[in-house]
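Subject: Structure for you to look at

Dear colleague,

I am handing over a structure that I would like you to open and read alongside my notes.

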Amino acid sequence: MTADLGAQLAAAFDAAVAADERVEPRDWMPDEYRASLVRQMAQHAHSEIIGMQPEANWITRAPSLRRKAILMAKVQDEAGHGLYLYSAAETLGTSRDELLDKLHSGKQKYSSIFNYPTLTWADVGAIGWLVDGAAITNQVPICRCSYGPYARAMVRICKEESFHQRQGYELLLALSRGTEAQHAMAQDAVDRWWWPSLMMFGPPDDESAHSAQSMAWRIKRHSNDELRQRFVDIAVPQAESLGLTLPDPDLKWNEERGHHDFGAIDWAEFWDVLKGNGPCNEQRIGQRRKAHEEGAWVRDAAAAYARKQTAQQAAQQAANPAGQNEEARV
Ligand SMILES: [Fe+2]
Ligand SMILES: [Fe+2]
C-alpha cells in the first residue's frame with residue numbers, strides 16, 4: 001500500500017466513524033482499532049461464559065420448579081451471549097480457539113465480578129438485579145458502537161439482559177416481603193454485591209487506560225464514571241421499592257448536581273481481584289479449563305461431522321456438476 005492510499009483509507013475510516021456509520025468486517029480499519037475491539041469483545045465474551053458459574057451453582061438448589069426453570073433459562077442465555085460475541089470477534093480474524101486459549105492461560109481477562117461467591121439463594125436475585133443491571137447500563141450504549149457486528153450482537157443481548165434484571169428484582173422482592181429470615185438474606189446479598197457492582201464500570205476516568213481512544217473511535221459512548229453515576233441513580237429508587245438498603249452511609253441525593261452522591265469505592269480491592277486474588281479466581285478458571293478439556297470430544301465430533309458433510313457435498317457436485325438433481329441441493 002502506498003503512503004497516499006494509506007492516508008486516504010485512514011481519512012475515509014475517520015470520516016465514517018465521525019458520521020456514525022458502521023464499520024463492517026471487510027472495511028479497512030486501523031490495526032489498533034481492530035486490536036482494541038478484539039480485546040474488548042473477547043473480555044466481554046469471556047465474562048458471559050464465566051458468569052454462568054456463580055449462578056449455575058444454584059440450579060440444583062432452586063426453591064421451586066418455577067425458579068429452577070427461570071434460572072436454567074438465564075444461565076443458558078449467558079452461554080448464548082458468549083456465542084454471539086465470540087462469533088462477532090471472529091469477524092475480525094481471530095478464532096474462538098485462540099481467544100479461549102488466552103482466557104485459559106490468563107492472557108485475557110473476564111469481569112472481576114464473577115470472582116465473588118454466591119453464598120445464598122438471594123445472591124441469584126442480587127446478581128440479576130445489580131450485576132445484570134450494571135451490565136445493561138454498560139451495554140445499551142454499545143448497541144450504537146461503531147463496529148457493526150458488535151453493535152448488532154449487543155441489541156439482542158440487551159433485550160435478554162433486561163429479563164435477567166427483572167427476574168433478579170422479582171426474586172429479591174419476594175424474599176424481601178417474605179419472612180424475617182428471607183428479608184435478612186436478601187439484605188445480606190445486596191450488602192455483598194453492591195460495591196463489586198459499582199466496580200464493574202471499571203476504574204475512575206483518570207485511571208482508565210483505554211477509555212479516551214475507545215470513545216474517539218465510538219466503540220465506547222460514555223465514560224466509566226458517567227455510567228456508574230447513571231447506575232447509582234437508577235438503583236436507589238429501586239432499592240427503596242424493594243424495601244432494602246444500599247450499604248453506603250454516604251449515599252444521598254445532591255440537589256445541585258441532580259444526581260446521587262455516593263461513598264468512596266475500595267479500588268485496592270478491585271485491583272487485587274483483577275490480579276487474581278479474589279475469593280473465587282482459581283475456582284472459576286479451573287472449572288472453565290476442566291469444562292473445555294471435557295468438551296474436547298464434542299468439538300472433535302462436530303469437526304469430523306463438518307468434514308464428512310463437506311466431502312459428501314464435493315462428491316455430489318463432482319458426480320452432478322450441473323446441479324440437475326434436486327436432492328443434491330438440499
Ligand atoms: Fe449476558
Ligand atoms: Fe445476564
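A donor is an N, O or S atom within 2.8 Å of the metal (3.2 Å for Na, K and Ca), and because water is not among the atoms, sites may look incomplete. The model is predicted, so that local features need pLDDT of at least 70 and side-chain atom pairs count only at pLDDT 80 or more, while totals for chains, interfaces and linings use all residues. Residues are numbered from 1 along each chain as its sequence is written, chains are lettered from A and ligands numbered from 1 in the order in which they are written, and side-chain values use heavy atoms, leaving out hydrogens and water.

Along the sequence, the donor residues of the iron ion (ligand 1) follow the spacing E-x29-E-x2-H-x79-E, and they are Glu48 (OE), Glu78 (OE), His81 (ND1) and Glu161 (OE), at 2.0 to 2.2 Å. Glu78 and His81 both belong to helix α4 (residues 65-90), where three residues, about one turn of the helix, separate them; helices here are DSSP runs of H or I with at least four residues, numbered from the N terminus.

The iron ion (ligand 2) is coordinated by Glu78 (OE), Asp132 (OD), Glu161 (OE) and His164 (ND1), at 1.9 to 2.2 Å. Glu78 bridges the two iron ions, ligand 1 and ligand 2, which lie 3.4 Å apart.

Glu78 is buried (under 20% relative accessible area, with exposed over 50% and partly exposed in between, for a 1.4 Å probe and protein chains only), and both Asp132 and His164 are buried as well.

Best wishes

Conventions: Helix = DSSP H or I, 4+ residues; strand = E, 2+ residues; numbered from the N terminus.
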